[in-house]
Each structure stands twice: as structure tokens, then as C-alpha cells.
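Have the sequence and the 3D view open side by side as you read. We will take a friendly walk through a few strands, a helix and a loop.

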Amino acid sequence: MKQFIILAIFSIFTTQLFSQTVDTRRKIEVNGSSEMEVTPDIIYLSISLKEYFKDNNSKKKVEINTIETQLYNAVQAAGIPKENLTINNISGYNYQWEKKKNPDFLVAKQYRLKVTNLNSYNKLMDAIDAKAVQYTNVESYDYSKIEPLKKELKIKALKAAKEKADFLAAALNNRVGEPLEIQEINNESYPQPIYRANMMTAKVSDEAFSPEIDFKQIKLNYQMRVVFELVK
């Protein structure tokens with residue numbers, strides 16, 4: 001009797017488990033996609049400035065404080081908010097000690113600049129002594145309205161999936177029911193910037209340094225995998 005009760009309980013449990021795991025609904029699975037290309041409107045640049053000697057005269061050094069002041073003034077004159085310029089790095093942990101030890105020691109500082117217009121950046125670089133500029137390059141870039149655009153593209157991808165499911169189901173004299181599964185497939189890419197030169201490098205000359213940059217567009221591509229119930 002005891003064995004019979006155990007067997008009955010096991011049979012009920014197995015039946016319930018089987019009924020929970022088997023889905024007998026007919027389904028249709030489709031992918032919908034939507035894409036768009038946008039031009040970056042936020043650019044993060046790296047600028048490295050370094051002290052230098054005037055006319056190769058070791059007694060006439062242009063100090064980093066003077067160069068930095070020139071940079072800050074150029075930022076304001078170009079109409080760039082001052083908070084868009086930050087210090088990334090300073091060569092030498094204690095450069096004051098290095099300068100006392102070695103009078104010929106040249107301090108370098110790296111800055112990060114956020115710009116929304118390359119014309120303002122070119123104007124800024126024209127205002128800085130080219131001899132003080134070691135190099136400039138692009139760290140990264142972005143699009144200011146990218147988040148609402150992502151939402152819009154995901155909705156379009158879902159609608160495209162629904163449209164595809166509708167005409168495929170209609171071909172079989174069926175119709176699409178409620179969505180059972182939705183999976184987002186993110187294919188967005190941020191291509192590397194393309195320069196008219198491989199690296200924007202400042203040459204030590206009396207000419208103003210005004211680099212020109214070309215950018216690939218940011219391509220946003222979203223795919224949505226959707227499983228719909230298929231009904232008569």
C-alpha cells in the first residue's frame with residue numbers, strides 16, 4: 001500500500017512536470033531590422049603640449065604655465081566651454097624636482113578636449129604656438145541624440161518583424177497571435193575616424209597647425225528576434 005501511494009505521487013508529479021515543459025502552441029520566428037547612419041557631433045580630442053626653448057636657446061624656455069594659459073585663452077576665444085577641457089596626464093610625477101635637478105628638463109601635459117564643431121577646434125589650434133604642440137589625435141566620438149534614436153530604431157525593427165510574420169503566416173492561411181519571445185540583437189558600430197593624415201602631428205614650425213579630419217558616419221543597426229504564436 002505504501003509503495004502504491006509513493007508510485008501514485010511520483011506519477012502525478014511527472015505528469016505535472018511534463019505538462020509544464022511541453023508547449024504545444026504553433027509558432028513562427030522572424031527577425032526584423034532597422035538601421036540608420038548619423039554624423040558624429042561630439043568629438044573627444046587629445047592634445048599634448050610641451051615646454052620648448054626659444055630659438056634653440058637653452059636659457060629662454062617657454063614654461064608650461066605660459067603654454068597652458070595660452071591654451072585656456074584659446075579655448076574661450078573659440079567659444080568652447082571651459083569645462084570641456086581637462087588635464088589627462090603630466091609627464092613626471094614631481095616635475096618641480098626634475099626642473100631643479102635638470103634645468104633643461106621640459107615638462108609636458110596632455111589634455112582632453114570635447115568639441116562639437118571641428119571649425120572651433122581648428123580656430124583653437126591656430127591660436128596656439130605650434131612649437132608647443134607635440135601631437136593631437138581623436139580619442140573617440142559620439143552623437144548627442146543617440147539614445148532616443150536607438151529607441152526609435154528598436155521600435156521600427158519590432159514593427160518590421162511583425163510585418164514579416166504577418167505576410168508569411170498569411171501565405172499559409174494563418175494569422176499571427178501574441179508575441180511569445182522578444183530578443184534584441186545589437187549590431188551598432190562606432191567606426192574609427194578617418195584622417196586626411198594618419199595622425200594629426202604638430203610639426204615644429206612657424207606655420208599655424210590646423211588639421212583637417214574626415215569622419216565615417218556612426219552606423220546604428222538593430223535586429224529584433226521575435227517569436228509569435230501562429231493561429232488559424
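This is a predicted model: local features need pLDDT of at least 70, side-chain atom pairs count only at pLDDT 80 or more; totals for chains, interfaces and linings use all residues.

Residues are numbered from 1 along each chain as its sequence is written, and side-chain values use heavy atoms, leaving out hydrogens and water.

**An open sheet**

Start with the three strands in the order β1-β11-β8, which form an open sheet with antiparallel pairing. Helices (H or I, at least four residues) and strands (E, at least two) are DSSP runs, numbered from the N terminus, and two strands pair if DSSP finds at least two bridges between them. At the edges lie β1 (27-38) and β8 (175-186), each pairing on one side only. From one strand to the next, the twist averages 25 degrees. Helix α5 (residues 146-171) packs on this sheet and touches β1, β8 and β11; contact means heavy atoms within 4.5 Å. The direction of α5 makes about 145 degrees with that of β1, where axes are lines fitted to C-alpha atoms (for helices over the stretch in contact) and angles run from 0 to 180 degrees between N-to-C directions.

**Who pairs with whom**

Strands of a sheet pair through backbone hydrogen bonds, either parallel or antiparallel.

| Strand pair | Bridges |
|---|---|
| β8 and β11 (residues 218-231) | nine bridges |
| β2 and β7 (residues 133-142) | eight bridges |
| β2 and β6 (residues 108-115) | eight bridges |

To find these pairs on screen, look for N186 with its bridge partner Y222 in β11, L45 with V138 in β7, and Y44 with K114 in β6. Strand β2 (residues 42-50) is mostly covered, with eight of its nine residues buried (buried means under 20% relative accessible area, exposed over 50%, partly exposed in between, using a 1.4 Å probe and protein chains only).

**A helix with a buried face**

Which residues of α2 are buried? They are I64, I67, E68, L71, A74 and V75. Seen down the axis of α2, these residues fall within an arc of 120 degrees, so they line one face of the helix; the arc is that of the directions from the helix axis to the C-beta atoms. On the other side of α2, Q76 and A77 are exposed.

**The loop that follows**

After α2 comes G79, whose phi is positive, near 80 degrees. N84 sits in the loop between α2 (64-77) and β5 (85-90). Is N84 buried or exposed? N84 is buried, with a relative accessible area of 17%. Leaving aside residues up to four places away in sequence, N84 touches R112, L113 and K114.
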